[in-house]
Amino acid sequence: MVWALLARIWRLQRALREEVAPGLARLGLSGLDPWLLSVLRSYPHPMGAARAMGLPPPTVSHMLRRLEAEGFLRRSLDPKDLRRYRLELTPKGEQALREAERLLEEALARRLARLSEEEQALLARLLSRLEGEA
């Protein structure tokens, strides 16, 4: 049962990403880019972002270099520690993230519309419980 549930969660996530992929491509983004841009708001250092996403640092580093080269991010010295740099979204990055969030919200809303309001509330409660600490 555990593997069946994990597979369903993974397929839903993948289906949502595939549904919004054309819209993301028009923005110059791909699969996990919106997530990374969002994470950078709370974790502006590459290692922190990698940890928050649960992805290997080299993968995140590659994504960050590409997003920076395409003008979604800018790099600056961290005023608290001049040995480190921090990344922040440019206006282009902020706009792209807002649009990507809208695309993802609309795609999920279409799926959630298949559920009653009570079922949606129950799903939200159950997901909150599953996300909590074990």
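Trainee: Hi! Glu-68: buried, partly exposed or exposed?
Mentor: Glu-68 is partly exposed, at a relative accessible area of 25%; that class lies between buried (under 20%) and exposed (over 50%), using a 1.4 Å probe and protein chains only. This is a predicted model, where local features need pLDDT of at least 70, side-chain atom pairs count only at pLDDT 80 or more, and totals for chains, interfaces and linings use all residues. Residues are numbered from 1 along each chain as its sequence is written, and side-chain values use heavy atoms, leaving out hydrogens and water.

Trainee: Which residue forms a salt bridge with Glu-68?
Mentor: Arg-75 does, with the closest N and O atoms 2.6 Å apart. A salt bridge here is a side-chain nitrogen of Lys or Arg within 4 Å of a carboxyl oxygen of Asp or Glu. Arg-75 is partly exposed too, at 37%.

Trainee: And what does Glu-88 pair with?
Mentor: Arg-74, at 3.0 Å between the closest N and O atoms. Strands are DSSP runs of E, at least two residues, and helices are runs of H or I, at least four.

Trainee: Where do Arg-41 and Glu-94 sit?
Mentor: They form a salt bridge at 2.8 Å, linking Arg-41 in helix α2 (residues 33-42) with Glu-94 in helix α5 (residues 91-112), 53 residues apart. Arg-41 is partly exposed at 45%.

Trainee: New topic: how many helices and strands?
Mentor: Six helices and two strands, running α-α-α-α-β-β-α-α from the N terminus.
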